[in-house]
Amino acid sequence: MILLKIWRALSGLRLNDKKPLNGQQLDYILVSSMYAAQQSAFLNSYSTGLSKNEIKKILKDYWDINTIESAQETIESLLEKNNDPYISILYEAFENKENYVEILKSKLPDDESILHYYVQIYRTINNTIPKVTAQGIFENYSELKKTKDAGWNFGRASFIARCCFETGYLSEKEFRQYLQASYEGLKTHCKTWKEYTSSYIYGRALWGGSHNEGMISIAKNLLNNKKSPLKDKKYI
C-alpha cells in the first residue's frame, strides 16, 4: 500500500477517465478536492479510486467510522461546524487583544467548561493566524476572517461522504444530499476556489496539521495544473 501511495503521489493529480463528472455535479465533488489530492484519490468522480483497505483505514482509524450511524453523525458534525455562533466572538477578541479577556468573558456563555473550550480555540487561532499570514496563504486578514476554516470543514465532509458511499454507509440519496450541502455551505463562506484552498489550509493548521508547505503545494497544483478540474474555474 505504501508503494502504491508513493507511485500515485509521483504521478500527480488523479482523474477518472472512465466516469468523469461535469457541470454542477463536478463542482459538488470538487469541494473534496484538497482532501482527495492529499490521499491521491480521483478529483472528478464519485468514486475515489482508492482500495477498500485504504478507505477502511481512513474511516475507521482516522474518523472512528464503522457504522451507518457514525458516518451520518460525523458528516453532519462537519457540516455544522461553521454555524457555531460563538466563533465570531473569538475573532473579535483576536482583533482586540488588549481587551480579549473582557470580550470572551462577557460574550461567551457563563459556564466554566464551555468558556474553557472556547478559550482553547481562541489560543489556537491567536497562534495560527500569524503563521498562515506570514506564509501568504490569504491576501489579507479580511479574507481569512470571512472564510475562516469553512474549506477545511466542508471539504472533509464531502470527501468522507464519498468514502462512506463507497462502503455502503450512505444511500445514494443521502450521499448526493451531503455533497450538495457541503457545496452550498462552502459557497456561503468562500467566493472563489482559491479562497476554498486557503481556507482548507488554514483549517488544517488550526487542527495542528504539520507540513503546511505540502498542503500549499497541493493547493497550487490544483489551481494551476493544466490537468486539474479547477484550472479554468475561478468562482464557486
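At what angle do the axes of helix α5 and helix α11 cross? In this predicted model, the axes of α5 (residues 68-80) and α11 (residues 172-187) cross at roughly 15° and come within 10 Å. An angle under 35 degrees counts as roughly parallel, so α5 is roughly parallel to α11. The crossing of this pair is left-handed. On the α5 side, the contact is made by Gln 72, Ile 75, Glu 76 and Leu 79. On the α11 side, Glu 174, Tyr 178, Ala 181 and Ser 182 take part. By class, the residues of the contact of α5 with α11 comprise 4 nonpolar, 2 polar and 2 charged.

The overall fold was examined next. The protein chain has 13 helices and 0 strands. Read from the N terminus, its elements therefore run α-α-α-α-α-α-α-α-α-α-α-α-α. Along the principal axes, the C-alpha atoms fill a box of roughly 55 × 40 × 35 Å. The radius of gyration of the protein chain is 18 Å. For 236 residues, a compact globule would have a value near 18 Å, so the two agree. Of these 236 residues, 49% count as buried. Contacts were also sorted by sequence separation. Among those between residues at least 6 apart in sequence, 74% join residues at least 24 apart.

A second helix pair was treated in the manner of the first. Two packed helices are described by the angle between their axes and the distance between the axes. Helix α12 (residues 193-207) and helix α13 (residues 212-224) have axes that come within 10 Å. These axes cross at roughly 165°. Angles over 145 degrees count as roughly antiparallel, so α12 is roughly antiparallel to α13. The crossing of α12 and α13 is right-handed. From α12, the contact draws on Trp 193, Lys 194, Thr 197, Tyr 200, Ile 201, Arg 204 and Ala 205. From α13, it draws on Asn 212, Met 215, Ile 216, Ala 219 and Leu 223. The residues of the contact of α12 with α13 divide into 8 nonpolar, 2 polar and 2 charged.

Leu 223 belongs to helix α13. Its relative accessibility is 18%. Buried means under 20%, so Leu 223 counts as buried. Ser 70 lies 153 residues from Leu 223 in sequence. In space, the C-alpha atoms of Leu 223 and Ser 70 are 33 Å apart.

Leu 115 is found in helix α8 (residues 112-134). Its relative accessible area is 24%. Residues up to four places away in sequence aside, Leu 115 touches Leu 104, Leu 108 and Pro 109. Leu 104 is 11 residues from Leu 115 in sequence. The C-alpha to C-alpha distance between Leu 115 and Leu 104 is 7.9 Å.

Backbone torsions were then inspected in the loops. Most residues other than glycine have a negative phi. Ser 40 has a phi near 55°, a positive value in a residue other than glycine. Ser 40 is found in the loop between α3 (33-38) and α4 (52-63). At a relative accessible area of 10%, Ser 40 is buried. Lys 148 also has a positive phi, near 50°, and is not a glycine. The loop between α9 (141-147) and α10 (150-167) holds Lys 148. With 17% relative accessibility, Lys 148 counts as buried.

Which residues are in contact with Thr 48, leaving aside its neighbours within four places in sequence? Thr 48 lies in the loop between α3 and α4. Its relative accessibility is 0%, and Thr 48 counts as buried. The residues in contact with Thr 48 are Arg 14, Ala 41, Phe 42, Ile 55, Phe 159, Arg 162, Cys 163 and Glu 166.

How values were computed: Residues numbered from 1 in each chain as written. Predicted model: local features only at pLDDT ≥ 70, side-chain atom pairs only at ≥ 80, totals over all residues. Heavy atoms only, no water. Axes fitted to C-alpha atoms, helices over the stretch in contact; angles between N-to-C directions. Helix = DSSP H or I, 4+ residues; strand = E, 2+ residues; numbered from the N terminus. Parallel < 35°, antiparallel > 145°, perpendicular 65-115°, else oblique. Left-handed = near helix turned anticlockwise from the far one by under 90°. Contact = heavy atoms within 4.5 Å. Nonpolar A, V, L, I, M, F, W, Y, C, P; charged D, E, K, R; others polar. Rg over C-alpha atoms; globule rule 2.2 N^0.38 Å. Buried < 20%, exposed > 50% of the residue type's maximum accessible area, 1.4 Å probe, protein only.
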